[in-house]
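Subject: Structure handover and notes

Hello,

Here is the structure for you to look over. My notes on what was found follow it.

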Amino acid sequence: MMTLPGPLPLDAGHKCRFRVYYEDTDAGGIVYHARYLAFAERARAEALRAHGLEVGKLAQEGVSFVARHLEVDYKFPLRLDEVFEVQTTVTKQHGARLCLQQRILAVEGDGQRVAVLLQVELACVHTHSGKPQRIPSSCQRALRGLELPNQLSS
């Protein structure tokens, strides 16, 4: 189980807003559990892009990040037509490993409430061989922009 030193502030990291559409829900009108992973994946790609790391360009350079381990804690369901935000924060980067915390927050008026909490561990691999490789130093520098200000990479 991945653990963090404590809860992250609700305003930390990169933020990306979405809306729940019919295609995201089950017959009861709530978000199907696997869709949260798709939302998180899309938000991770946008977080990387916002920090100068385009996924397609990285792949052309032989750098890919693949999911190695995920933990998902469902707090409450999102429903059809709700607006939500995915917050992505780097919690650790070391060698070929990149750890993130992602929060899916229901946007309620002026407030937010955590609907889903994800702990994500990604492995940096060579795009063509699939073999693990160290996170390139240029990527490490860019990813520091997703860390909390008082956080150190180890």
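In which loop does D81 lie? D81 sits in the loop between β2 and β3. The model is a predicted one, and in it D81 has a positive phi of about 75° although this residue is not a glycine. Most residues other than glycine have a negative phi. D81 counts as partly exposed, because its relative accessibility is 48%.

Confidence and overall layout

The mean pLDDT of the protein chain is 90, and 88% of the residues reach 70 or more. Residues 1–6 have a pLDDT below 50, and in the model this stretch has nine contacts beyond near neighbours in sequence. Where pLDDT is low, the predicted coordinates should not be read in detail.

The protein chain holds three helices and five strands. Read from the N terminus, the order of the elements is β-α-α-β-β-β-β-α. The chain has 154 residues, of which 43% count as buried. Among the contacts with a separation of 6 or more, 69% are between residues 24 or more positions apart.

Nonpolar core and pocket

The largest nonpolar core has 34 residues, and those touching the most other members are F65, L78, F84, L98, I104 and L143. The elements that each supply at least two residues of this core are β1 (14–19), α1, β2, β3 (83–94), β4, β5 (111–126) and α3 (137–143). In soluble globular proteins, nonpolar side chains tend to be buried together.

The largest pocket has a volume of about 260 Å³. It is lined by 19 residues, and E41, L48, V55, F65 and L122 are the closest to its centre. The lining is made up of 15 nonpolar, two polar and two charged residues. At least two lining residues come from each of α1 (35–50), α2 (55–60), β2 (63–74) and β4 (97–108).

Apart from neighbours within four places in sequence, F65 is in contact with L58, L98, L122, A123, C124 and I135.

Individual residues

Is E85 buried or exposed? E85 counts as buried, because its relative accessibility is 5% and the cut-off for buried is under 20%. E85 belongs to strand β3. Not counting residues up to four places away in sequence, E85 touches K15, C16, R17, R103, I104, L105, V107 and Q112. One of these residues, R103, is 18 residues from E85 in sequence, with 8.0 Å from C-alpha to C-alpha.

Y74 is in strand β2. With a relative accessible area of 39%, Y74 is partly exposed. Once neighbours within four places in sequence are left aside, Y74 is in contact with H33, Y36, A115 and V116. The C-alpha atoms of Y74 and L117 are 6.6 Å apart, although 43 residues separate the two along the chain.

I30 is found in the loop between β1 and α1. I30 counts as partly exposed, at 24% relative accessibility. Which residues does I30 contact, leaving aside its neighbours within four places in sequence? They are D24, T25, P77, L78 and R79. I30 and E82 are 52 residues apart in sequence, and their C-alpha atoms are 9.9 Å apart in space.

Regards

How values were computed. Residues numbered from 1 in each chain as written. Predicted model: local features only at pLDDT ≥ 70, side-chain atom pairs only at ≥ 80, totals over all residues. Heavy atoms only, no water. 1 Å grid on protein atoms, 1.4 Å probe; cavity = no way out; pocket = protein on both sides within 12 Å on 5 of 7 lines; lining within 4 Å. Points joined across faces, edges and corners; volume = space filled by probe spheres on them. Helix = DSSP H or I, 4+ residues; strand = E, 2+ residues; numbered from the N terminus. Nonpolar A, V, L, I, M, F, W, Y, C, P; charged D, E, K, R; others polar. Core = buried A, V, L, I, M, F, W, Y, C linked by side-chain atoms within 4.5 Å. Buried < 20%, exposed > 50% of the residue type's maximum accessible area, 1.4 Å probe, protein only. Contact = heavy atoms within 4.5 Å. pLDDT = per-residue confidence, 0-100.
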